[in-house]
Amino acid sequence: MSTAKITPSAASFATSIKHLAGIQLPRCQSTIFTSNSTKFRAPRRGFTVSMAASIETPLEVCVKQSITTPNKLGDCPFTQRVLLTLEEKHLPYDMKFVDLSNKPDWFLKISPEGKVPLIKLDEKWVPDSDVISQALEEKFPKPPLTTPPEKASVWVYLLLLLTYSFLIQNRHACGSKIFPKFVAFLKSKDSGDGTEQALLDELTAFNDYLKENGPFINGNEVSAADLSLGPKLYHLEIALGNYKNWSIPDSLSYMKSYMKSIFSRESFINTRALKEDVIEGWRPKVMG
Ligand SMILES: N[C@@H](CCC(=O)N[C@@H](CS)C(=O)NCC(=O)O)C(=O)O
């Protein structure tokens, strides 16, 4: 079984300081944590130990193995969502690569459905990215990924929660239809069947939402909803570009900047699939 141990990135540590303190770091201060900085580069291991104080042993996660490159992470958007959550919460993790075309016995024993992602929490293997994200939020609440703006006091937050629970629920559902519409268009063999327009309608609605509420789904800070949608948009961009020579229209500028800012996060760069894996991963669906 091949594994890879990962510690959280220094740049996402800077984000966490903002979350924890509820303040905006001055630009010059935050840059000392970027990985490009040679002058002030932080000792990564030291950071990991002090920031991830609540957890000393890396969390074990079963992930899809690359189908194109040995010992690399594969192209599962649900797995990336879980890894993104771990990265954004500065939790160290240990990836166990699973060959989904030839599932090993040890994996089938812990995953009756034979699916990744799977994470070990409190000595139990937990499946499903929805369940895992929720469990991580409950077990490691800081930095929060599901709460509305942190500047609101607890009481204002509770009041807002009661008053706008409908709105908040809608925010979390936001963009959720993009993935099925993308898959329908990708698989479509008939250019006049309306699947392209259906995807465009969904993307336009999301673009309008971001214009009013962005830059992220929850406003100024990235949240669990973005970590779920980001990997799916990454697949959309690569697969539709490759198989249909299609890209998101420039007129959807909020959507485009949203993707750019999610894709350029260090957490995303650390956990994204190889482009060739995304292309190969979708091939059977496109050809089928
Ligand atoms: N609802 C699950 C979906 C997980 C899923 O479908 N994973 C795929 C890989 S992306 C898988 O393991 N498929 C099993 C297989 O290919 O045999 C989640 O959110 O975690």
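These legends go with a set of close-up views of one predicted protein model.

Residue numbers start from 1 in each chain and follow the sequence as written. Since the model is predicted, local features need pLDDT of at least 70 and side-chain atom pairs count only at pLDDT 80 or more, while totals for chains, interfaces and linings use all residues.

**View 1. The whole protein, to get your bearings.** The protein has 14 helices and 5 strands; these are DSSP runs numbered from the N terminus, with helices being H or I over at least four residues and strands being E over at least two. Of its 288 residues, 32% are buried. Here "buried" stands for 20 or more other C-beta atoms within 10 Å of a residue's own, "exposed" for 12 or fewer, and "partly exposed" for anything in between, with C-beta atoms placed from the backbone. Take the contacts between residues at least 6 apart in sequence: 74% of them join residues at least 24 apart. A contact is counted when two C-beta atoms, placed from the backbone, lie within 7 Å.

View 2. Five strands line up in the order 1-3-2-4-5, with mixed pairing; two strands count as paired if DSSP finds at least two bridges between them. Strand 1 (3-6) and strand 5 sit at the edges, each pairing on one side only. From one strand to the next, the twist averages 25°. Angles here run from 0 to 180 degrees between N-to-C directions, and axes are lines fitted to C-alpha atoms, for helices over the stretch in contact.

**View 3. Strand 4 and its partners.** Strand 2 (residues 59-64) and strand 4 (residues 118-121) run antiparallel and share 2 bridges, with C62 standing opposite L118. Strand 4 also pairs with strand 5 (residues 124-127), again antiparallel, over 4 bridges. Across that pairing, I119 stands opposite V126 and K120 stands opposite W125. Strands 4 and 5 make a hairpin with 2 residues between them, and D122 in the turn has a positive phi of about 50°. As a reminder for looking at any such pairing, side chains in a regular strand alternate between the two faces of the sheet.

View 4. Helix 4 (residues 77-88) lies across strands 2, 3 and 4, and runs at about 150° to strand 2. Helix 6 (residues 129-139) also packs on the sheet, where it touches strand 4 and strand 5, and its direction makes about 125° with that of strand 5.

**View 5. The residues around the ligand.** The shell consists of K64, C76, F78, L100, G114, K115, V116, P117, D128, S129 and D130; a residue belongs here if its C-beta atom, placed from the backbone, lies within 6 Å of the molecule. By class, that shell divides into 5 nonpolar, 2 polar and 4 charged residues. For this count Ala, Val, Leu, Ile, Met, Phe, Trp, Tyr, Cys and Pro are nonpolar, Asp, Glu, Lys and Arg are charged, and the others, Gly among them, are polar.

**View 6. Helix 10 crossing helix 12.** The axes of helix 10 (residues 195-213) and helix 12 (residues 253-263) come within 7 Å and cross at roughly 80°. That makes the two helices roughly perpendicular, a label covering 65 to 115 degrees, whereas under 35 is roughly parallel, over 145 roughly antiparallel and the rest oblique. Helix 10 brings L203, F206, N207, L210 and K211 to the contact, and helix 12 brings Y254, M255 and Y258. By class, this contact has 6 nonpolar, 1 polar and 1 charged residues.

View 7. S188 sits in the loop between helix 9 (178-187) and helix 10. It counts as partly exposed because 17 other C-beta atoms lie within 10 Å. Leaving out residues up to four places away in sequence, S188 touches D193 and T195. M287 is 99 residues from S188 in sequence, yet their C-alpha atoms are 10.0 Å apart. K285 lies in helix 14 (residues 275-287) and counts as exposed, since it has 12 C-beta neighbours inside 10 Å. K187 is 98 residues from K285 along the chain, and their C-alpha atoms are separated by 6.3 Å.
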